[in-house]
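Please read the points below beside the sequence and the model.

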Amino acid sequence: MPRIAYVNGRYLSHRDAFVHVEDRGYQFADGVYEVCEVARGYIVDMGPHLDRLDRSLKELSIAWPVSRKALTIIMREVVRHNRVIDGLVYLQVTRGVASRDFVFPANAKPSLVVLARKADPGFQARRATTGIKVITVPENRWERVDIKSVGLLPNVLAKQKAKEAGCQEAWFVDTDGMVKEGGSSNAWIVTRDGVLVTRPADHGILRGITRTTLFKVASRLGLKIEERPFAVEEAMRAREAFISSATTIVLPVVEIDGRPIANGEPGSVALSLREAFFDVAEKSRA
Ligand code: PMP
């Protein structure tokens, strides 16, 4: 069965799904994106993802390519066409097609692409039972990483470096030695007293939708959260560490820069957050 993509008004097989060579997403990374998890036939936290899309678009003065209602229908259609029960749906909006010039084009129409793909629902669950390894890298991104822009070259390079080191994620670290976030995830630790710690999301990191939902999960489990920066040193001495993102939910971190966290096994707090996540997240039938 060929995979189907939505491209500017049409549902096309991937073989025929193209964007224009002068799309500003391609030339300038002048665009934004969202990724929603699809789990058991539901799109997870679609509302909050579209709220964040709205914010990203406003920050860059890009108009919605279609109405929010139409976008939800397109997302569901793409999930359905690709028969995704477990996997993800990806959407990307760029400023559109125009003759190459840095300043905003006068009347380009925003481009919209929506993709969906299946994933083995057991894959992340198995990773959660072994945990993942993380390297740290110096922060080298721009200051507006709160905007979910498609300009992800530093993230690509950091994650490639992690892979070459036999690790699965890279944590960006600021000049004070404080952890910012992962290449494609938010970073958390659990202190010796069982308190969850994650960096405030006012600026300098992406306000992860999974991160926000985990605040609700934690309160349901009676866990305390402190929003404050934490140092790499503190993470290495923590009781647990973990990452969160839409496609991984919660994955325990068992090693940072080659140093094991606690006994080097996935932590129970991370696993219980993971376990309770789906009960708390918003679910829309795909
Ligand atoms: N930070 C970065 C840099 C990311 O790319 C992601 C994943 N999109 C996240 C955090 C986690 O965000 P979310 O929980 O919304 O997937």
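1. For the residue classes used here, Ala, Val, Leu, Ile, Met, Phe, Trp, Tyr, Cys and Pro count as nonpolar, Asp, Glu, Lys and Arg as charged, and the others, Gly among them, as polar. On that basis, the shell around the ligand has four nonpolar, 11 polar and four charged residues.

2. This is a predicted model, in which local features need pLDDT of at least 70 and side-chain atom pairs count only at pLDDT 80 or more, while totals for chains, interfaces and linings use all residues. Residues are numbered from 1 along each chain as its sequence is written, and side-chain values use heavy atoms, with hydrogens and water left out.

3. The ligand is surrounded by 19 residues (a heavy atom within 4 Å), and the closest are Lys-148, Glu-181, Ile-209, Thr-210 and Ala-246. Because domain 1 (4–119) and domain 2 (124–285) both give residues to this shell, the ligand lies between them; the domain bounds come from an automatic or database domain assignment.

4. Oxygen atoms of the ligand lie 2.9 Å from a polar side-chain atom of Arg-52, 2.8 Å from a polar backbone atom of Ile-209 and 2.8 Å from a backbone N or O atom of Ala-246. The protein covers 93% of the 390 Å² of accessible area that the ligand has on its own (Shrake-Rupley method, 1.4 Å probe).

5. Ser-111 counts as buried because its relative accessibility is 5%, where buried means under 20% relative accessible area (1.4 Å probe, protein chains only).

Key:
Buried < 20%, exposed > 50% of the residue type's maximum accessible area, 1.4 Å probe, protein only. Polar contact = N/O pair within 3.5 Å; in protein donor to acceptor, adjacent residues only side chain to side chain.
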